[in-house]
Amino acid sequence: MNTESPSAPLLFVPPDATSSRCVAFLTNVNKKYGLALDSYFDLYRWSTGHIDSFWDTVWDEVAIIGYKGQHVVDNNAFPAANPPWFSEARINWAENMLTCRSPDKFALIQATEPTPECPNPPHRRVTYADLYAMVADLVSALLTLDLKPGDRVASYSSNCIENVIACLAATAIGCIWVSAAADFGTQGVLERFEQVQPRVIFAVDTVVYNGKVHHHLPKLQSLLSGLSERCSLNPVVIVIQSARNASAWDDTNWVSWDSFISKGKSSCLGRTAEGEIEWCRQSFDWPLWILFSSGTTGRPKPIVHRAGGMLLQAKKEFVICADLRPEDVFFYYTTTGWMMWNFLVSGLSIGCALVLYDGSPLRDPSYLWHLVDELQISIFGTSAKYLDQLSRIGYRPRDHHDLTCLRHIYSTGSPLAHALFDYVYERIHPNVLLASITGGTDICSLFAGMCSALPVHRGEIQCRMLGMAIETFTHDGHNCQAGEAGELVCVRPFPCMPIGFWPLAGFGTDESVKAAAKRFRLSYFAEYKDVWYHGDHVLITPSQHGNGGGLIMLGRSDGVLNPGGIRFGSSEIYNVLEMCFSFSEERNANDTIEDALVVAQSIEDGTDERVILFVKLYGKRTLSIEMEQKIRSEIRSRRSPRHVPARIIQVDDIPYTLNGKRVEIPVKKIINGAQISSVNSATLRNPECLAQFASIGEMLRNEISKR
């Protein structure tokens, strides 16, 4: 691939780019269509200009199991039309996850956080042959319940082997998978499950976190009581039992996992004459699973993803872009309620080993890195928040672990600060592909992310993903000029676009289906005509090394700051704080900030706004005038006078969602006068801290009114 002179610091160059699957795919496209594409950018432009030819070629390149047919998509359709894809196709997602049947190769390895009672918990391992057999038995057991395609099967569970098996078995028979993490509060799960009304719920009896065993059955019982009271729903309950002295249950209607599996084994339902699972192949657009938005300011949105889109997009990302291989060991730190769990499980389609982890990532900062060496993890996925916290406590994995097995480190959940790129290459691994990736629950995949044929530049996501026609628009709907930040949009249809919000047609009343369709349109197509509006404020950088431009994430669009008409993302402030005030061995403790949150307060009767920066300091330190001045000075010199906060206020804590994301928008609403009750506390990890922001908001509004 040809190169251009780089401007952003170059941190990593792939040692074997020409032998990557991306380059091989480019070569195949040239041969098939008589083209002369030379760079990644050439391939990207072709992939977004000819979406029918591109996705048809991807199907063959990644070896999808199923019937493709002749139709792909209307190449002239707009995203707002949400056109059908591969309308003749018949596939099953789970069938494609279980193409490997090796009795010698591990499919799943489950690690559990140590506790004082069990300081060295053994890892559980399942081969691909064992996984297939257990899925087949669970398919049989589920069919004894007379489940039909389209029925919802839910999980309120930890990240365990049984949860993966349940997902595979449910989708094997055409049911729709719904998952909530075990650390979610009962109210938050109830708000999700009452919308989709599952017929079956899988749940664990205990969860391990922060070195403690937490009993889960009381939360399960509370959830079931709520479902019964609110919507007269009484699902079948299967309890996954651990060996951690879990409390027994009183409800005789609940069934243990082992008993349920035994029932399936003896029934032998859902098998062909040859003993193969009788895969329920449905259309490409068949609903596979329902994911939920965070729901911080309203009921979580039930986002329905199509089976074919999830399969084809994941295979493109893993096979062509990331170059994942069957010999890889793939780990992602995630709960079962975050889309990265779905992302991880899709790695089964490659035939690599997946590492599941139940526990805290930071109680012992060394634990996950011990796992890397012990299990030879080559693909390590985490969140930007984890890397930030690891750097703040001064832990240096490279000093304590071998880590030579690592090939890729993935980071998502929030923008990865420039300084954290340095931290990874200096303190974790000097020769690894660090991929900051972005997409989200809405598409359950990536708009921009990794490519094993491209280098890594400091502070940038490597590239826009193939087939994803990403552009940036100004606030009034025009394409941004070079170097201008804007709103992330997708101007061409893509197969991982959700089918809609639940309920879909055929699964609810006409009134509820119309309401869901309207809510879907308002979420993604109300901002700009015909194109997908994603709600991220980003900058597409100049092309370097043929990448067509990387992405710099500047924050959520609804959190964009606009003092005096100058628009900028919150991450522009966070990056300065990370660079100048994060914990380090060289920096005085009095000059460090543990965490921060920046929002805008409306002024001048809503015609302008001012920037408010909240900071959390270590220990019992008090924000000094000198510290305030230093913060203002660094922001002014590294950004601009317009970026300087009007007020810097110390707080006791910064609110986060259950998935570890800063809660900017609800805090913005609260300081501008909204009630705390407008925020869905069930979606927050620490909702109690909002009271302080409400008090501060009243003080800030009084300041404005006295002017």
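What follows is a conversation between two colleagues about the predicted model shown above.

Colleague: Happy to look at this with you. What makes the chain agree with a compact globule?

Modeller: Remember that the model is predicted. For 707 residues, a compact globule would have a radius of gyration near 27 Å, and the chain has 25 Å, so the two agree. Along its principal axes the C-alpha trace spans about 80 × 65 × 60 Å.

Colleague: How many helices and strands are there in the chain?

Modeller: The chain holds 20 helices and 31 strands. Of its contacts with a separation of 6 or more, 71% are between residues 24 or more positions apart. Buried residues make up 61% of the 707.

Colleague: Let's turn to single residues. Why is L142 called buried?

Modeller: Buried means under 20% relative accessible area. L142 has 0%, so L142 is buried. This leucine is found in helix α5, residues 128-143. Leaving aside residues up to four places away in sequence, L142 touches L147, A169, A170, I173, F202 and F260.

Colleague: And how far is L142 from K263?

Modeller: Their C-alpha atoms are separated by 9.5 Å, while the two residues are 121 apart along the chain.

Colleague: How do you know that L434 is buried?

Modeller: The cut-off of 20% applies here too. L434 has a relative accessible area of 1%, and therefore counts as buried. Its place is in strand β19, residues 433-436. Beyond residues up to four places away in sequence, L434 touches I409, L416, F421, V424, Y425 and V456. From L434 to H457 there are 23 residues in sequence and 9.4 Å in space, C-alpha to C-alpha.

Colleague: Which residues have the most contacts inside the largest nonpolar core?

Modeller: Those are L138, F330, L348 and Y410, in a core of 179 residues. A second, separate core has 41 residues, including V611, V644, I654 and L700.

Colleague: What makes a set of residues a nonpolar core?

Modeller: The members must be buried residues of nonpolar kinds such as Leu, Phe and Tyr, joined through side-chain atoms within 4.5 Å. In soluble globular proteins, nonpolar side chains tend to be buried together. As for Y410, its contacts beyond four places in sequence include F330, Y332, F343, I379, F380, I437 and M450.

Colleague: Is the peptide bond from W502 to P503 cis or trans?

Modeller: That bond is cis, with omega near 5°. P503 lies in the loop between β26 (500-501) and α16 (510-524).

Key. Residues numbered from 1 in each chain as written. Predicted model: local features only at pLDDT ≥ 70, side-chain atom pairs only at ≥ 80, totals over all residues. Heavy atoms only, no water. Helix = DSSP H or I, 4+ residues; strand = E, 2+ residues; numbered from the N terminus. Rg over C-alpha atoms; globule rule 2.2 N^0.38 Å. Buried < 20%, exposed > 50% of the residue type's maximum accessible area, 1.4 Å probe, protein only. Contact = heavy atoms within 4.5 Å.
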